[in-house]
Number of protein chains: 2
Amino acid sequence: MNVGVLGVGITKFGERWDQGLRELLLDAQIKSLKDANIEAKDIDSLYNGNMGAGPLSGQLHIGAMATENLNIDKPSVRVEGACASGSLALRAGIEAIESGVAEIVQVNGVEKMTDVDTGQATTMLMGAGDEELEGFNGLTFPGLYALLANAYMHKYPKLTRDLLAEVSVKNHFHGARNDYCQFKKEITIDTVKNSTMVADPLTLFDCSPITDGAASIILTSESKAKELGAKVSIIGSGLATDTLSLARRNTLTAIPAGKKAAESAYAQAKIKSTDINLAEVHDCFTIAEIMAVEALGLAKEGEGYKLYQNKDTYFDGRIPINTSGGLKACGHPVGATGVKQAIEITMQLQGRAKGRQVENAKIGVTHNVGGSGATACVHVFKKVK
Amino acid sequence: MNVGVLGVGITKFGERWDQGLRELLLDAQIKSLKDANIEAKDIDSLYNGNMGAGPLSGQLHIGAMATENLNIDKPSVRVEGACASGSLALRAGIEAIESGVAEIVQVNGVEKMTDVDTGQATTMLMGAGDEELEGFNGLTFPGLYALLANAYMHKYPKLTRDLLAEVSVKNHFHGARNDYCQFKKEITIDTVKNSTMVADPLTLFDCSPITDGAASIILTSESKAKELGAKVSIIGSGLATDTLSLARRNTLTAIPAGKKAAESAYAQAKIKSTDINLAEVHDCFTIAEIMAVEALGLAKEGEGYKLYQNKDTYFDGRIPINTSGGLKACGHPVGATGVKQAIEITMQLQGRAKGRQVENAKIGVTHNVGGSGATACVHVFKKVK
């Protein structure tokens with residue numbers, strides 16, 4: 001598999017009361033077109049990741065909104081898999097190119113979450129879990145991940161509270177160096193530990209925020225990418241699913257779909273985990289990042305904590321993780337997150353990640369999760385020589 | 001393009017208070033597997049059409065629900081484009097097979113609409129239009145299609161009230177002969193004209209109902225289809241978009257996206273409109289069927305009424321339309337409708353449409369619309385010799 005990345009565009013993430021759903025999407029779309037140096041009419045198909053616009057804005061049918069924004073009448077669909085929607089749109093765009101249906105594809109992700117109160121957003125997000133078994137009985141996403149954190153830390157006590165907090169500290173350190181980030185602010189382990197308890201052991205600073213934002217990426221076929229001199233290729237795509245509810249899950253100390261998606265993507269890309277130079281992973285909660293690095297094979301199961309003992313995951317460390325600031329600091333506009341991850345890796349491989357640039361990176365990976373692990377999607381990016 | 005149809009499964013459409021979202025989906029999934037004579041583990045990928053489960057059931061992430069239902073961990077995503085979601089899932093499944101990502105795909109569509117009051121369902125459906133320009137200002141879908149009907153009947157007065165009503169009469173005639181249909185009941189032109197006014201000129205019997213239901217279809221590659229002896233192939237897929245709102249649309253007397261999607265699908269299938277033996281079209285309102293037959297090139301623009309003067313569109317007529325009963329009589333569980341259309345055409349081409357069988361049909365077409373025409377998707381099916 002080889003699909004070229006022609007251009008990327010992203011809005012500032014945050015509480016964007018200055019722009020609505022449509023305007024955020026348009027802003028990212030225009031930026032990716034400009035970055036790719038193509039016109040809207042050059043796009044053959046559009047794939048759009050969005051999770052919550054139905055419940056939150058009363059607006060479904062985001063595919064048609066994306067083409068209306070560009071005044072074109074091309075095929076355009078919305079793809080949804082909860083918080084993995086952005087990656088699923090990316091994968092759908094790749095499938096379109098690989099099938100020959102399209103030569104140039106625009107993949108967008110957008111979410112407008114701050115126009116409603118936090119309770120309404122939290123209720124919408126619970127649609128990623130099992131409404132009958134979990135939501136109806138009062139569970140929320142912080143609650144679900146707290147169950148995972150407790151199970152994990154009981155089995156693997158070497159993941160201390162301080163090391164868990166270090167995930168958030170590192171992501172804020174990166175976020176402070178990223179202009180499109182929601183919280184450009186460094187924090188300490190004490191900031192995390194002393195913040196409001198949300199769901200024991202997870203405090204406010206263990207949790208990713210509610211965010212508005214949009215991200216857009218232009219993909220093309222291998223031959224067209226060569227012709228236009230694209231500097232980054234996507235060489236592997238893996239997707240796996242699992243039960244919606246934790247109650248039906250085989251394990252609470254790992255996210256098996258993440259591991260399966262990674263194995264599938266690596267096999268397609270013909271790489272091993274040791275070939276990976278950096279990754280953007282799904283840290284919706286700090287514990288999720290620990291499980292993510294293990295799923296990606298960057299640490300053995302139960303040993304993820306080791307990466308957080310010696311600043312290995314900082315942008316100038318051995319295996320940089322979430323140089324964008326991750327979901328925690330950069331923000332988590334759910335449908336946009338998977339596309340943002342792809343953009344951050346692309347910018348790193350292109351040498352455009354000013355202030356947080358990873359040196360000599362050749363292979364980057366994105367890891368995006370839906371729900372408490374019911375969907376996981378992994379993509380492998382390669383710098384073109 | 002050539003993708004084989006291996007099997008189909010559909011639930012009874014209607015007010016299904018005996019089954020929830022998950023059970024309806026499972027029922028259809030099991031039926032298509034059985035019909036295809038394959039096991040769940042044989043499926044490589046799943047594509048799932050659903051529009052309203054987020055707003056109506058608090059359940060997003062339908063992709064993972066579909067794999068959980070079958071106890072498999074394969075790639076599975078939800079695809080949404082309002083009332084065209086089912087066709088978009090079908091098209092995504094086709095793209096996956098054509099790209100080589102998957103050899104056997106299950107495409108599902110599901111909607112659970114009757115657990116909420118009609119007002120809540122109507123509000124959700126308005127998410128298919130433009131929330132800011134239309135929904136916020138009080139328009140509903142019957143209102144939007146009434147605007148189209150008035151504009152059309154003003155420009156083309158030969159479409160009389162009686163001929164418009166005949167669309168519904170014919171669809172109920174077909175529906176009365178279809179076991180999975182919501183309203184198995186014949187009606188007369190007077191039934192339509194004397195029913196409650198919904199949005200002038202559309203009365204209750206001009207409008208498709210609120211419906212629960214699910215539909216499932218198994219697709220495979222051309223070579224695998226040959227090996228397994230599939231009797232029906234999909235040979236063309238067209239998708240086009242337009243503005244979300246009618247206010248921004250270039251015309252109110254046609255649905256241009258439908259025409260564009262048809263042209264694109266016919267070109268791929270290498271057929272002309274005169275090659276078509278039957279079609280399932282998107283009659284969410286009676287006026288929509290008139291615009292649909294024109295978009296498909298079965299009548300010239302403004303002359304769709306002619307097909308309804310002489311029973312041409314009955315199952316034993318010259319060009320049978322909506323032998324399933326259409327959205328009007330068969331029911332319109334929105335995310336399932338596009339898949340149901342594909343199933344009806346498949347069953348017709350296989351000679352399994354007992355009681356409404358079209359004789360000697362070789363080419364059948366499905367036409368599925370999202371919103372008031374912002375998305376239109378057309379597929380061409382061929383009987384394999």
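This is a predicted model: local features need pLDDT of at least 70, side-chain atom pairs count only at pLDDT 80 or more; totals for chains, interfaces and linings use all residues.
How many bridges join β3(A) to strand β3 of chain B, and do the strands run parallel or antiparallel?

1. Strand pairing across the chains. Three bridges join β3(A) to β3(B), the latter spanning residues 76–80 of chain B, and the two strands run antiparallel. Within this pairing, Val79(A) has Val79(B) as its bridge partner.

2. Extent of the interface. Chain A contributes 54 residues to the contact, and chain B likewise contributes 54 residues. About 4,200 Å² is buried between chain A and chain B, with carbon and sulfur atoms giving 48% of that area.

3. Polar links and the elements on the chain A side. Between chain A and chain B there are 34 residue pairs in polar contact, counting those with both residues at pLDDT 80 or more. On the side of chain A that touches chain B, two or more residues come from each of α2 (53–57), α3 (62–70), β3 (76–80), α4 (85–99) and β8 (232–241) of chain A. The element that gives the most to this side is α4(A), with seven residues. Sorted by class, the side of chain A that touches chain B comprises 22 nonpolar, 17 polar and 15 charged residues.

4. Salt bridges in number. Over all chains the structure holds 48 salt bridges. Across the interface of chain A and chain B, 10 salt bridges are found.

5. The pair Asp73(A) and Lys260(B). These two residues form a salt bridge in which the closest N and O atoms are 2.8 Å apart. The pair crosses between chains: Asp73(A) belongs to the loop between α3 and β3 of chain A, while Lys260(B) belongs to helix α11 (residues 256–269) of chain B. Asp73(A) counts as partly exposed because its relative accessibility is 32%. Lys260(B) is also partly exposed, its relative accessible area being 30%.

6. The pair Arg22(B) and Asp130(A). A salt bridge links Arg22(B) with Asp130(A), and the closest N and O atoms are 2.6 Å apart. Because Arg22(B) lies in helix α1 (residues 21–36) of chain B and Asp130(A) in the loop between α5 (118–125) and α6 (141–155) of chain A, the pair joins two chains. Both partners fall under the 20% limit for burial: Arg22(B) has a relative accessibility of 9% and so counts as buried, and Asp130(A), at 0%, counts as buried too.

7. A further partner for Arg22(B). Glu132(A) also forms a salt bridge with Arg22(B), here with the closest N and O atoms 3.4 Å apart. This pair too crosses between chains, from the loop between α5 and α6 of chain A, where Glu132(A) is found, to helix α1 of chain B, which holds Arg22(B). Glu132(A) is partly exposed, with a relative accessible area of 46%, whereas Arg22(B) is buried.

8. A linked network. The side chains of Arg248(B) and Glu68(A) meet in a salt bridge at 3.2 Å, N to O. Both residues belong to a network of salt bridges that links Arg22(A), Glu68(A), Asp130(B), Glu132(B) and Arg248(B).

Key:
Residues are numbered from 1 along each chain as its sequence is written. Chains are lettered from A and ligands numbered from 1 in the order in which they are written. Side-chain values use heavy atoms; hydrogens and water are left out. Contact means heavy atoms within 4.5 Å. Buried area is the accessible area (1.4 Å probe) that two parts lose on being put together, summed over both. A salt bridge is a side-chain nitrogen of Lys or Arg within 4 Å of a carboxyl oxygen of Asp or Glu. A polar contact is a pair of N or O atoms within 3.5 Å; within protein, one must be able to donate a hydrogen and the other to accept it, and residues adjacent in sequence count only if both atoms are side-chain atoms. Helices (H or I, at least four residues) and strands (E, at least two) are DSSP runs, numbered from the N terminus. Ala, Val, Leu, Ile, Met, Phe, Trp, Tyr, Cys and Pro count as nonpolar, Asp, Glu, Lys and Arg as charged, and the others, Gly among them, as polar. Two strands pair if DSSP finds at least two bridges between them. Buried means under 20% relative accessible area, exposed over 50%, partly exposed in between (1.4 Å probe, protein chains only).
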